[in-house]
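Good morning, colleagues. I would ask you to look at the sequence and the structure on the screen while I take you through them.

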Amino acid sequence: MLAIRLLATFEESLVNTLFSEGLLIIGWVAMWEPVHIFLYGWWPIVHKRNIYEKIIHMEVYIGFRPSAGK
């Protein structure tokens with residue numbers, strides 16, 4: 001964004017406009033994956049955390065059961 005602002009101070013030309021728009025598109029492409037992870041990618045992580053949380057708080061009983069033949 002800083003480079004686009006810097007380019008805006010120069011005389012407007014086709015090359016200047018193309019370069020600044022190209023920088024804007026590159027910025028959007030670069031931010032796509034972080035935004036996707038922030039909005040949608042963390043739900044599977046939360047789901048796994050909740051499963052592990054349930055496992056941690058489970059009651060476990062270990063007992064001995066004699067075999068039926070003896």
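**A bend in a helix**

I begin with a kink of about 35°, which lies at Trp32 in helix H2, shortly before the proline Pro34. Please keep in mind throughout that this is a predicted model.

Helix H2 covers residues 14–41, which amounts to 28 residues. From its first C-alpha to its last, H2 reaches 39 Å, close to the 40 Å expected at 1.5 Å a residue.

The protein chain contains 3 helices and 0 strands, and along the sequence the pattern reads α-α-α.

There is also a record to mention. An unreviewed UniProt entry carries the annotation "transmembrane region" for residues 23–43. In the model, that stretch is 95% helix and 0% strand, and its end C-alpha atoms stand 31 Å apart.

How does the span of H3 compare with what its 14 residues should give? At 1.5 Å a residue they should span 20 Å, and the end C-alpha atoms are 20 Å apart, so the two agree. Is H3 largely buried or in the open? Of its 14 residues, the number buried is 1, so H3 lies largely in the open.

What of the chain as a whole? Of its 70 residues, 6% count as buried. The chain exposes about 7,300 Å², and carbon and sulfur atoms supply 71% of that area.

On this surface there is a nonpolar patch formed by Ile51, Tyr52, Ile55, Met58, Val60 and Ile62. Together these residues have about 700 Å² of accessible area. Why does Ile62 count as exposed? Its relative accessibility is 76%, and exposed means over 50%, so Ile62 qualifies.

Thank you for your attention.

Technical notes
Residues numbered from 1 in each chain as written. Predicted model: local features only at pLDDT ≥ 70, side-chain atom pairs only at ≥ 80, totals over all residues. Heavy atoms only, no water. Helix = DSSP H or I, 4+ residues; strand = E, 2+ residues; numbered from the N terminus. Expected span 1.5 Å × (residues − 1). Bend = angle between axes of the 7 residues up to and from the residue. Buried < 20%, exposed > 50% of the residue type's maximum accessible area, 1.4 Å probe, protein only. Areas by Shrake-Rupley, 256 points an atom, 1.4 Å probe, with all protein chains shown as cover. UniProt positions renumbered as here; feature names shortened; annotations may be inferred. Patch = residues over 30% accessible without salt bridge, like charges linked within 9 Å, V, L, I, M, F, W, Y side chains within 5 Å. Salt bridge = Lys/Arg side-chain N within 4 Å of Asp/Glu carboxyl O.
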